[in-house]
Amino acid sequence: MSNKAQGVQAQYQQALDEGRFVIQRCGGCGQAVHFPREVCPHCGSDELSFQAAMGTGTVYAVTTVRRKAEAGGDLNVSLIDLDEGPRLMSRVANLPPDQVRIGLRVCARIAKDQDQSVLVFDAVGAQP
């Protein structure tokens, strides 16, 4: 991830493609940042560096997107509060959408979606 010729989005995607979930940490204020940015949204510093994320968090909010079965069926869209602090949008992949609840503990996993690596979460202790 040291290739500065690539933008931060490309660096983040490269990490996912390598099987790593990373977030940025600001050298100016120490805050964790996600989704990757060029400057810290907390203090405006450009001293952001990537670090391995713990990958654990809690569902803050959830909604169900209704889709026809031939389009893949219903899908949950969840806001996840990472234990490091940032909130991000993803989905809980190992539960049916109607079983995803606010307060649910989750753990990150990198999955393939149409040949692209994406970040999803699994409910801790749940069986797929």
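Select strand β1 (residues 22-26) together with β3, and you will find that the two run antiparallel and are joined by five bridges; strands here are DSSP runs of E with at least two residues, helices are runs of H or I with at least four residues, and both are numbered from the N terminus. Within this pair, R25 stands opposite S49 in β3. The model is predicted, so local features need pLDDT of at least 70 and side-chain atom pairs count only at pLDDT 80 or more, whereas totals for chains, interfaces and linings use all residues. Residues are numbered from 1 along each chain as its sequence is written, and side-chain values use heavy atoms, with hydrogens and water left out.

Next, go to the loop between β2 (32-33) and β3 (48-52), where P41 lies. P41 counts as partly exposed, at 46% relative accessibility; on this scale buried means under 20% relative accessible area, exposed means over 50%, and partly exposed is in between, with a 1.4 Å probe and protein chains only. Although P41 and C26 are 15 residues apart in sequence, they are 9.5 Å apart in space, C-alpha to C-alpha.

Then show the cysteine sulfurs. The closest cysteine sulfur to that of C29 belongs to C40 and is 3.7 Å away, which is too far for a bond, since a disulfide is defined as a pair of cysteine sulfur atoms within 2.5 Å. By this rule the count of disulfides comes to zero. C29 counts as partly exposed, at 33% relative accessibility, and C107 is also partly exposed, at 33%.

For the next stop, select the five strands of an open sheet whose order is β6-β5-β4-β7-β8, with antiparallel pairing. At its edges stand β6 and β8 (116-123), each with a single partner strand, so one side of each is left without a neighbour in the sheet. Neighbouring strands of this sheet are turned by 35 degrees against each other on average, direction ignored; axes are lines fitted to C-alpha atoms, for helices over the stretch in contact, and angles run from 0 to 180 degrees between N-to-C directions. Helix α1 (residues 8-17) packs on the sheet, touching β7 and β8, and its direction makes about 65 degrees with that of β8, where contact means heavy atoms within 4.5 Å.

Strand β4 (residues 56-65) is joined to antiparallel β7 by three bridges, and here G57 stands opposite V106. On its way to strand β5 (residues 75-82), also antiparallel, β4 has eight bridges; T64 stands opposite N76, and V65 stands opposite L75. β5 in turn pairs with β6 over four bridges in the antiparallel sense, with D81 opposite R87 and S78 opposite S90. In the hairpin of β5 and β6, where four residues lie between the strands, pick G85, which takes a positive phi near 125 degrees.

Centre the view on F121: leaving aside its neighbours within four places in sequence, its contacts include I80, L82, L88, V92, N94 and V106.

Finish at N94, in the loop between β6 (87-90) and β7 (105-113). N94 counts as buried, at 9% relative accessibility. The side chain of N94 reaches the backbone nitrogen of A123 at 2.7 Å, and this falls under polar contacts, which are pairs of N or O atoms within 3.5 Å; within protein, one must be able to donate a hydrogen and the other to accept it, and residues adjacent in sequence count only if both atoms are side-chain atoms.

Methods:
Pairing = 2+ DSSP bridges.
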